[in-house]
Amino acid sequence: MKSLEELIRPNIKNLAPYSSARNEYSGHVAKVFLDANENPYNSPYNRYPDPLQTELKAAISKVKGVPAENIFLGNGSDEAIDLPFRCFTQPGIDNVVAIEPTYGMYKVCADINDVEYRPVTLNDSFQLEADRILAACDDNTKIVWLCSPNNPTGNSLNRDEIVKILDWFDGIVIIDEAYIDFAKQQSFCHYLAKYPNLIVLHTMSKAWGCAAIRLGMAFAHKDIIGIFNKVKYPYNINMFTQQKALEIIKNPFDIDKWRRLLLGERTRMSDAFRLLPICEEVFPSDANFFLARMTDAQAVYDYLVSRGIIVRNRNRITLCRECLRITIGTKTENNELLAALRQYV
């Protein structure tokens with residue numbers, strides 16, 4: 001692979017990062033804080049949060065089996081998606097390659113950063129073909145974006161094809177594993193030592209049930225993490241998010257219970273959809289949702305909205321003609337959806 005010296009955007013390489021007051025005394029015990037122009041009253045909300053989230057990273061390290069120095073925490077996964085564009089791609093010059101269909105924020109961030117976005121369509125089984133991805137790359141391709149399990153298709157990408165890309169592409173490979181907790185496959189987090197060009201994204205929004213606190217995770221070589229920390233805003237993770245994340249990490253049995261309930265409901269709902277006359281196909285899923293091809297997706301979607309039930313209409317997405325994406329809810333919510341669809345005429 002190309003070295004980070006070759007991949008990093010020149011202005012980022014030469015960037016002098018902002019040094020927050022809290023960074024400057026790191027490693028020392030402090031009790032009087034007169035450095036950051038904070039109000040001394042209204043504790044603890046008057047103080048800036050830990051800019052590097054040291055305690056939280058240590059807790060996540062134990063859960064994920066990844067050293068803390070290989071962890072970056074972002075304001076949702078969106079920050080971790082945007083940062084690689086800002087760190088590694090030059091606007092108007094470089095490009096990125098991604099699978100299609102997939103999560104829409106990769107293209108949005110490419111457009112915001114004025115970076116060419118090259119989608120490569122999956123095959124009819126929603127599977128990745130590494131040779132086609134690699135063929136779309138050129139000397140100005142800095143990043144390959146993969147999402148596995150993929151959104152909106154729900155399936156995990158073929159591991160051998162992913163490894164082929166890791167072996168042959170000389171830029172940054174990013175694997176978004178937002179839904180990995182619902183899959184049987186092992187996370188690519190365990191490949192970081194072998195592939196210094198790999199970035200793996202996780203989130204607390206899905207299996208961890210914490211979408212509201214906006215906490216995304218990126219796992220990568222410590223040098224990539226160092227670049228991210230250089231570019232990120234000084235206090236990007238607020239105190240409330242850090243506290244809530246630590247609280248939820250201390251209750252792993254709740255997470256496991258939720259995951260098992262959702263997996264059971266996913267099977268039940270998929271089976272029930274296959275029996276609906278208005279459903280033509282239910283695609284295999286490794287996520288907390290599934291994709292279903294309907295006889296008339298728009299009409300069914302509009303009908304559900306009229307009943308106060310919101311699903312995702314993916315009808316206009318590549319390869320997803322007449323498809324709705326169904327998130328797995330509680331058993332009560334799922335039953336309400338099924339009851340409405342069984343009454344659809």
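Val282 stands opposite Ala292 of strand E9. The model is predicted; local features require pLDDT of at least 70 and side-chain atom pairs pLDDT 80 or more, whereas totals for chains, interfaces and linings use all residues. Residues are numbered from 1 along each chain as its sequence is written, and side-chain values use heavy atoms, with hydrogens and water left out. Helices (H or I, at least four residues) and strands (E, at least two) are DSSP runs, numbered from the N terminus.

Strand E8 (residues 279-282) pairs with E9 in the antiparallel sense, over three bridges. Pairing of two strands requires at least two DSSP bridges between them. Six residues separate E8 from E9, and the two strands form a hairpin. E9 also pairs with strand E11 (residues 323-327). This pairing is antiparallel and spans five bridges. Here Leu291 has Arg325 of E11 as its bridge partner.

E9 (residues 289-294) is largely enclosed by the rest of the structure, because six of its six residues are buried. Buried denotes under 20% relative accessible area, exposed over 50%, and partly exposed the range in between (1.4 Å probe, protein chains only). In a regular strand, side chains alternate between the two faces of the sheet. Both faces of E9 are covered. Phe289, Leu291 and Arg293 are buried on one side, and Phe290, Ala292 and Met294 on the other.

Aromatic contacts were then counted. Rings of Phe, Tyr and Trp (its six-membered ring) pair if their centres lie within 6.5 Å; planes under 30 degrees apart are stacked, over 60 edge-to-face, and the rest tilted. The count comes to 12 aromatic pairs. Phe72 and Phe228 form an edge-to-face pair, 5.4 Å centre to centre with 75° between the planes. This pair links distant parts of the chain, 156 residues apart: Phe72 lies in strand E1 (residues 71-75) and Phe228 in helix H9 (residues 222-231). Both Phe72 and Phe228 are buried. The ring centres of Phe273 and Phe290 are 5.1 Å apart and their planes lie at 80°, so this pair is edge-to-face. It connects helix H11 (residues 252-274), which holds Phe273, to Phe290 in E9, 17 residues apart. Phe273 and Phe290 are buried. Ring pairs also link Phe85, Tyr103, Tyr106 and Trp145 into a cluster.

Charges also sit over rings. The criterion is NZ of Lys or CZ of Arg within 6 Å of the ring centre and within 35 degrees of the ring normal. Arg325 lies over the face of Phe289, 5.5 Å from the ring centre. The charged end of Arg159 sits over the ring of Phe188, at 4.2 Å from its centre.
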